[in-house]
Each structure stands twice: as C-alpha cells, then as structure tokens.
Amino acid sequence: MPEPSGARDLKICGAPSLEELRATPGFPTPEALARGPVAVIECVEEIPCNPCETSCPHGAITVGLPITRLPVLEAEKCRGCGLCIAACPGLAVYLINVITEKARSQEIERRTGIRHESPQAIVFRNGDPVWHGSHGAVTDEALERAVSSA
C-alpha cells in the first residue's frame with residue numbers, strides 16, 4: 001500500500017507540511033473556515049482509528065471501511081461542537097474559528113498594514129513584517145526562504 005501523502009514529513013520532521021495537510025480529506029476549505037467554527041483534522045496516517053467519526057453527532061466526519069482510511073470532513077455539516085477533539089487519541093483534531101479571531105486579525109492589519117486573508121502567514125524580524133503570503137503562496141519552500149532571510 002502506498003504511504004499517505006503526509007506520512008513522509010511526519011516521519012522525517014515530526015509534523016506534516018501545510019501542503020500535505022491541505023491535501024488530506026480532513027482539511028476544511030477557505031469557505032468553510034470563513035463560516036465559523038470548524039474542525040481541522042490533521043490525520044495523515046492510515047491507521048485503524050475512528051473515534052472522531054463515532055463521536056460526531058452531526059455526521060460531519062466519515063472514516064468508513066476499511067477503518068484505516070483517512071477521516072473525511074464534510075465541513076458544511078460541522079457545527080464546531082468539539083466532541084471530536086476529546087475523542088481523538090492522536091490529538092490530531094482541533095477547532096478553528098476565524099470569525100472570533102476577527103479583532104486580533106484587525107489589530108495585526110492595523111499594526112502591519114497587511115490586509116488579513118485566511119489562511120495567511122506573516123514572517124516578522126525585530127517586530128516588523130518581512131514577508132507575507134496567503135493561500136497558495138504559503139508553501140514550505142516560501143516559508144523556509146522567508147525565515148532564513150529574516
């Protein structure tokens with residue numbers, strides 16, 4: 001069986017890359033993130049596990065059969081209740097709520113002059129932004145270059 005896409009970086013670096021997480025079926029779309037609280041499932045290893053699926057009262061997470069499949073998030077069904085977080089033995093689930101963080105993002109925008117987008121990354125040096133990107137511009141390579149030059 002081929003190795004899941006995120007397992008390579010997980011085994012080498014201890015964590016999957018952002019690109020690999022975005023490619024998993026448990027990563028919500030930008031539209032889902034903008035709607036309010038939604039689960040993010042950072043599960044990249046095909047192991048026998050499904051507590052996230054069985055704990056979700058809204059049917060937003062599906063593992064199915066075989067039980068080693070990666071969890072699939074149907075973000076439109078997710079209500080942000082968080083029951084999947086406590087159920088995950090691998091600590092691979094969390095909630096994100098872009099809406100409640102609006103004040104924080106507005107303050108960062110005010111201080112830096114960089115318009116907020118989601119997802120977004122900003123690299124600072126001595127308190128000043130030296131690089132920023134959003135969506136497809138946020139890659140491992142771009143972040144590595146930005147951090148090494150900061």
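These notebook entries cover the pockets and the cavity of one predicted model.

I worked with a predicted model, in which local features need pLDDT of at least 70, side-chain atom pairs count only at pLDDT 80 or more, and totals for chains, interfaces and linings use all residues. Residues are numbered from 1 along each chain as its sequence is written, and side-chain values use heavy atoms, without hydrogens and water.

**Largest pocket.** I found 24 lining residues (an atom within 4 Å of a point). Nearest the centre lie Ile96, His116, Ser118, Pro119 and Gln120. Helix 6 (102-112) is one of the elements that supply at least two lining residues; its share, 4 residues, is the largest. Helices here are DSSP runs of H or I, at least four residues, numbered from the N terminus.

**Second largest pocket.** I noted about 340 Å³ here. The lining has 21 residues, with Glu42, Cys43, Val44, Gly90 and Ala92 closest to the centre.

**Cavity.** I then checked for cavities (sets of points where a 1.4 Å probe fits but cannot get out). The structure holds 1 of 30 Å³ or more. The largest cavity has about 70 Å³ of space. Its lining counts 13 residues, and Cys56, Ile61, Cys78, Cys81 and Cys84 are the closest to its centre.

How values were computed
On a 1 Å grid over the protein atoms alone, a cavity is a set of points where a 1.4 Å probe fits but cannot get out, and a pocket is an open set with protein on both sides within 12 Å along at least five of seven lines; lining residues have an atom within 4 Å of a point. Grid points are joined across faces, edges and corners, and a volume is the space filled by probe spheres set on the points.
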